[in-house]
Amino acid sequence: MIHKHFSYYVRHLHQDIPAGLVVFLVALPLCLGVALASGAPLFSGLIAGMVGGLVVAWASGSQLSVSGPAAGLTVIVFNAIDHLGSFQGFLVAVVLAGVLQLVLGFLRAGAIGAYFPSAVIEGMLAAIGLILIMKQLPHAVGYDFNFEGDESYMRENAAATVEALRGALKAISPGAAIVSAVSLLILIIWESSFIKRIALFRLIPGALLVVAWGVIYNLVTLRMAPEWAISSQHLVALPVTEKPADFLQLFTFPDVSFLAKPEVYTVAFTIAIIASLETLLSLEACDKMDPLKRVAPTNRELKAQGIGNMISGLLGGIPITAVIVRSAANVNAGGQTKVSSFVHGLFLLLSVMFFARFLNDIPLSCLAAILLQTGYKLAKPKIFVEFFHKGWSQLIPFVVTIVAILLTDLLKGIGVGIAVGLYYVIRANYHAAISMVQTDDHYVLSLNKDVTFLNRARLRQYFNQIEENSTVLIDGSKTQFIDHDILETIHDFMLSAQDSNITVEARDLEGKGKIQTASDSNAVPIKAKSKEKNQAKLDSKAPDALKKRQLRAVMDSEAAG
């Protein structure tokens, strides 16, 4: 599924090129914003975006994932530059982080990505959707105090978002509000079935119309009604060069003398681990969003990110990860293959070289509308309803993940979600471990799967429910492993059963541990009936009695403690 022929990519060009344009429009302000928040040169964010599109897209095994500078690393990058005292020294750490990621890929560390529960990944996507909506509402009305906050999920999120929303209410720009409102209307109309039925309209991305509308509106109002125009601080701000050759002067190169400083290696290790975790999370989320449900190889992704960070660091770029917001924009725009990510990187390169002065006429409120639509698709009410119908074991990890991410940050929120999800996984697994059915004075205690010491407390509860003068069959035929503590508990019950005149038969416990039976020389004799007679009696009585009453019990590992 991952290795495609050239004709496959050509066949989807009509979908991937418009999607790449949409991703470019979303990525452009984000690359600048992340660099600004990181305390790095603005151009370093664009370098990271270009490398993510032009290099990582082809090195990766994912067809839809988009890589670039991530807001989740801004605090780490800012502190690292400050600690090292040099941006050129920090670039050395970025290159080393890429080498570490490459090593992790060869060590197959990407397998950890398969252990994120689906409910947690879906909760992460919904949380990011909500963050996008909250962060973009101020931009939509012309309040751009927090440029990097478009996809940020750092500790200060909650307070910063509330402050931004309060500030937005006091500083609404009429021009920006009109542009964003009409932009949202255009995007909604462009999603309608009527528009999708017309082949020509399907070739034109709604985001392109939104940008064209914003630029035309601002040019017209500047001439005819300046009070309704959008001021320059609410427009895209690309570094402008006089001629394409000047583009090369914007690059910064690492200072290799920093290789002698131990703190560089600490920074590199931190970046490698955090960037790898965010990449694996984003990759799992992107696979969830993929309409074709393609599964990308995680180890190859770590290698691709390692190569990307090595190149980004060598050219003067900040660290790269797979990023969820741009990947979601890619999926929502109809991207089908990695060509769309490559096209977005190509547009970033061409825009800086040739079209920076023209792109600086694009209002940020246009881009806010595009991200608001993306956020809604990630967190639409239908998703919450679906999880409600799936049951508590899926709903609670989903909701907890959302709340935890909103209150802390991405990695901590995911950690909390995984802990809650793990509880429900163990609980569900534990429920089916042992069951007991009572038929008159006959009991069948079944060990349905591998049983460990965690099941011992409930096993004792089952034994305590068995009445005097009964017959008990302990059936281990469905298990492959029985913990010694469980075998010991069964043996103790068999020894004490004679005091209550209970006949016990153990079936298929041999080979799964060692258990003493009545035939052992040191065992206390147990009143027992032949296996055939016992089973015949149980089989003859079970159907009628089961209609009358059943006693089913399930084991809960957490409750057992």
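**Stop one: a helix residue**

Start by selecting Asn218, which lies in helix 11 (residues 206-224); helices here are DSSP runs of H or I, at least four residues, numbered from the N terminus. This is a predicted model, where local features need pLDDT of at least 70, side-chain atom pairs count only at pLDDT 80 or more, and totals for chains, interfaces and linings use all residues. Residues are numbered from 1 along each chain as its sequence is written, and side-chain values use heavy atoms, with hydrogens and water left out.

Asn218 counts as buried, at 4% relative accessibility (buried is under 20% relative accessible area, exposed over 50%, partly exposed in between, with a 1.4 Å probe and protein chains only). Follow the Asn218 side chain: it reaches the backbone nitrogen of Ile230 at 2.7 Å. Beyond its neighbours within four places in sequence, Asn218 is in contact (heavy atoms within 4.5 Å) with Ala229, Ile230 and Leu235.

**Stop two: the salt bridges**

How many salt bridges does the structure hold? There are three, each a side-chain nitrogen of Lys or Arg within 4 Å of a carboxyl oxygen of Asp or Glu.

Select Glu191 and Lys377 next; their side chains meet at 3.3 Å, N to O. Glu191 sits in the loop between helix 8 (174-190) and helix 9 (193-196) and Lys377 in helix 16 (residues 364-378), so the pair ties together parts 186 residues apart in sequence.

Now pick Asp290 and Arg294, whose closest N and O atoms are 2.8 Å apart. Asp290 is buried at 3%, and Arg294 is buried at 5%.

Finish with Arg456 and Asp485, with closest N and O atoms 3.9 Å apart. Arg456 is partly exposed at 26%, and Asp485 is partly exposed at 22%.

Note on methods: Helices (H or I, at least four residues) and strands (E, at least two) are DSSP runs, numbered from the N terminus. A polar contact is a pair of N or O atoms within 3.5 Å; within protein, one must be able to donate a hydrogen and the other to accept it, and residues adjacent in sequence count only if both atoms are side-chain atoms.
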